[in-house]
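Hello,

Here is the structure for you to look over. My notes on it follow below.

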Amino acid sequence: MAREFDIIIYGASGFTGQLVAEYLAERGVAHWAVAGRSLARLEAVRERLAGAAATPLVVAEADDPEALRAMAARARVIISTVGPYQLYGSGLVEACAAAGTDYVDLCGEPHWMRAMIDAHQAAAQASGARIVFSCGFDSIPFDLGVLTLQEHARARFGRPVPRVKGRVRVMKGSFSGGTAASVKATLAALARDPSLMGLLASPFALTPGFTGPHQPVGMIPEYDATIGSWVAPFVMAPINTKNVHRTNFLLGHAYGADFVYDEMMVAGLGDMGKVAAEAIAKFNPFAGDKGPQPGEGPSREEREAGHYDLLFAGLMPDGERIDAVVTGDRDPGYGSTSKMITETALYLLESDGAGGVWTPGALLGTGLRDRLQARAGLTFTAC
């Protein structure tokens, strides 16, 4: 695909967009541009980029279809960091699907993702555009963590495990302001259209035409005998579990049509673990106006001090267990996410694959996993 730019970062003046731009500049990538709705803000971003004074600027409003089509036609891949995507992302997905331009984002808004699948799957298949949602902490570590576990399960048992428990053992760092804004936009959409509740509640919201077996809800604290610890609801589970099921769906049910998956946070042992699990269940990190607003985020020191550790416990029907562990060396919402989405975009430039609306695991799989281990500070270990 002969295009003017390999990559355009749309939303480059936002906090995460700036981190992506910094990362591309540090990696020495050629033929990329920054884009957004304000020329002045894009110029300010470029001034802060070391060694990138000549980086081209592209101005495009999210509600200007002509400008979005023109931008999409100039790039091989567009990285979008302009959430809430349900407010600002639909036009760009449509433009990329029509132009045959690959697209990656950080979306955790399942009702919008399903709308985009329904609206643009056929166009993306026809044009060859690869539309890849959820390329940050939601949901790459979970998507590829399950993929890794099932890869080793097939090697050990000759078949995938039908039951996987995703358990967040450590997570140091904050959610992004964009994530909080997306949650609030989703709640507002639900208030306007209560019929969305069924889609938001369904683990199979992103698998059109397929509904699998009953899945654990994961909304109340419980003692998990598999890991010997109390566990609590995990706020990102509603999007991560849907993406994991979509990967299984797109891979022709490589994990089995009877696959069962849930995610929860590890709270601790004994009575103290129970108290901690109950406290986590009551805590809403997106309530009120606390936390970062869109465009805000932690310092470099805070991002580098963050990390996470995820356990995936796979259970065979006879009780035999196999585990996989995923770790990240930066805070999940910013430092790790900005590296993951950028490396996903760079890997798209080097990889083949059919057009359509994809998950990272289904489209890029082990190749992306190996790249993230080599370049983005993640580890994937089976045990």
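What span should the 18 residues of helix α7 have at 1.5 Å a residue, and how far apart are its end C-alpha atoms? Please keep in mind that this is a predicted model.

Helix α7 covers residues 140-157. At 1.5 Å a residue, α7 should span 26 Å. Its end C-alpha atoms lie 25 Å apart, so the two values agree. Gly158 follows α7, and its phi is positive, near 85°.

Next, the second largest pocket. Its volume is about 230 Å³. The lining comprises Leu19, Glu22, Tyr23, Glu26, Arg300, Arg303, Glu304, Arg330, Gly335, Ser338 and Lys339. α1 gives the most, with 4 residues. By class, the lining holds 7 charged, 2 polar and 2 nonpolar residues.

One loop residue is also on my list. Phe283 sits between α11 (270-282) and α12. Is Phe283 buried or exposed? Its relative accessible area is 59%, and the cut-off for exposed is over 50%. Phe283 is therefore exposed. Pro233 is 50 residues away from Phe283 along the chain. The C-alpha atoms of these two residues are separated by 9.9 Å.

Best wishes

Note on methods: Residues are numbered from 1 along each chain as its sequence is written. This is a predicted model: local features need pLDDT of at least 70, side-chain atom pairs count only at pLDDT 80 or more; totals for chains, interfaces and linings use all residues. Side-chain values use heavy atoms; hydrogens and water are left out. On a 1 Å grid over the protein atoms alone, a cavity is a set of points where a 1.4 Å probe fits but cannot get out, and a pocket is an open set with protein on both sides within 12 Å along at least five of seven lines; lining residues have an atom within 4 Å of a point. Grid points are joined across faces, edges and corners, and a volume is the space filled by probe spheres set on the points. Helices (H or I, at least four residues) and strands (E, at least two) are DSSP runs, numbered from the N terminus. Ala, Val, Leu, Ile, Met, Phe, Trp, Tyr, Cys and Pro count as nonpolar, Asp, Glu, Lys and Arg as charged, and the others, Gly among them, as polar. Buried means under 20% relative accessible area, exposed over 50%, partly exposed in between (1.4 Å probe, protein chains only). The expected span of a helix is 1.5 Å times one less than its number of residues.
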